[in-house]
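Please look over the sequence and the model below.

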Amino acid sequence: MKKISVKFIAESAIIAALYVVTTWLLAPISYGAIQFRISEVLMLLVVLNPKFSFALILGCFISNTTSSLGWYDMVFGTLATIIAIIPMCFIRKMPIAAIFPVLSNAFIVSLELGIAFNLWNEAYWYNVFTIALGEAIVLYLLGIPLMSAISKNESLCLLMELDKNKAISIHFLNGYGILAIGFFVLNIILYFAYPMYSISKDEITTNYTMFFLTRNGAYWLILAIGLGLGYLAITIFLKNKIRLILGITISILSSLLQIILGIIFKDALTSFYYYLYFLSPIFSIILSLFTYRNTKTNNESKEEAN
């Protein structure tokens, strides 16, 4: 019988904690019939190494303990994860493996909602569609690029014993370029789905997303998407110092956009969700700095080799 190592326990705890923290931080878009559970990108780790299966099942169960659906989500949500993970452990092609959490969550979570709220017939199939769509966007537009970026990091693959050959290799981009693509998709999801603030009245909670707040002004949408596309293009195509300067500049402009929205919609300033929006430009600055440092180190190594 193979012994469970301290390294395995530590890795499993970290993966489970990442799943839980990401789900809770993005709670408004992590539960319900229309959801984008960003933590589901971690599900694809089992394709690279099945040993993370238990960590992800545990992370899903703990995340669902705070769901408004209570034991329904703890049972059905965790069951959906288990059913998806079993075939994923035996499939080498990541795009095929990603289908299983899409289908299991779509049908099982819709079943859960049907039992909890008597949502059957047309309502059931509507929930199947929306849950499958949200899961597919997260896994295919965020998860697969993230796993591709991870597979390009030799040290991380060795440390976590990941089979990098099972990840899709995006040859024309380095790991940072791939992360920039995933980061752009994440920001679009947040713009349309994540609340800047919520107001509760008569036991009804209304979420106000950035898109909802700016829906009457197309220039806000153009500005938000334009900044994201600008950051993406800069990270992929420009040279090192210019990329760093412009990347940080765009991140600051994104922060200013959010500050302006906070001034215009003062209710947002009292909300915890509003301040989480600032994590996005902070992470983009960090990505710019890491890209600059990594490129500079690689260039110096090439010069020494020559």
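This is a predicted model: local features need pLDDT of at least 70, side-chain atom pairs count only at pLDDT 80 or more; totals for chains, interfaces and linings use all residues.

Residues are numbered from 1 along each chain as its sequence is written, and side-chain values use heavy atoms, with hydrogens and water left out.

## Pockets

A pocket is searched on a 1 Å grid over the protein atoms alone; it is an open set of points with protein on both sides within 12 Å along at least five of seven lines, and lining residues have an atom within 4 Å of a point. A volume is the space filled by probe spheres set on the points, with grid points joined across faces, edges and corners.

The largest pocket has a volume of about 1,800 Å³. Its lining counts 47 residues. Leu146, Ile150, Leu179, Phe183 and Phe283 lie nearest the centre of this pocket. Two or more lining residues come from each of α1 (6-25), α7 (122-151), α8 (154-160), α9 (175-193) and α14 (279-305). Such helices are DSSP runs (H or I, at least four residues), numbered from the N terminus. The largest share, 10 residues, belongs to α14. By class, the lining has 33 nonpolar, 11 polar and three charged residues. Here Ala, Val, Leu, Ile, Met, Phe, Trp, Tyr, Cys and Pro count as nonpolar, Asp, Glu, Lys and Arg as charged, and the others, Gly among them, as polar.

The second largest pocket holds about 220 Å³ of space. Among the residues lining this pocket are Tyr31, Ile34, Ser67, Asp73 and Phe117. The lining divides into six nonpolar, three polar and one charged.

## Cavities

A cavity is a set of grid points where a 1.4 Å probe fits but cannot get out. The structure holds three cavities of 30 Å³ or more.

The largest cavity contains about 330 Å³ of space. It is lined by 22 residues, and Asn187, Ala224, Gly228, Ser254 and Ser280 lie nearest its centre. At least two lining residues come from each of α9, α11 (218-237), α12 (240-264) and α14. The largest share is from α9, with seven residues. The lining has 15 nonpolar, seven polar and no charged residues.

The second largest cavity has a volume of about 120 Å³. Of its 17 lining residues, Gln35, Arg37, Asp73, Asn105 and Val109 lie nearest the centre. The elements giving two or more residues to this lining are α4 and α6 (99-117). The most come from α6, with four residues. This lining divides into six nonpolar, seven polar and four charged.

## Helix packing

Two packed helices are described by the angle between their axes and the distance between the axes. Axes are lines fitted to C-alpha atoms, for helices over the stretch in contact, and angles run from 0 to 180 degrees between N-to-C directions. The table lists the pairs.

| Pair | Axis angle | Axis distance |
|---|---|---|
| α3 (53-63) and α4 (71-88) | roughly 160° | within 9 Å |
| α4 and α6 | about 160° | 9 Å |
| α6 and α7 | about 145° | 8 Å |

Start with α3 and α4, whose axes cross at roughly 160°. That makes α3 roughly antiparallel to α4 (angles over 145 degrees). The contact residues divide into seven nonpolar, four polar and no charged.

Next come α4 and α6, which pack at an angle of about 160°. They are therefore roughly antiparallel to each other. Again, α4 passes α6 in a right-handed crossing. The contact includes Asp73, Phe76 and Ile83 of α4, and Asn105, Ile108 and Glu112 of α6. By class, there are 14 nonpolar, three polar and two charged residues.

Last, α6 passes α7 in a right-handed crossing. Residues that meet here include Val102, Asn105 and Val109 of α6, and Trp125, Ile131 and Glu135 of α7. This contact has 16 nonpolar, three polar and one charged residues.

Key:
Angles under 35 degrees count as roughly parallel, over 145 as roughly antiparallel, 65 to 115 as roughly perpendicular and the rest as oblique. A crossing is left-handed if the near helix is turned anticlockwise from the far one by less than a right angle, and right-handed if clockwise. Contact means heavy atoms within 4.5 Å.
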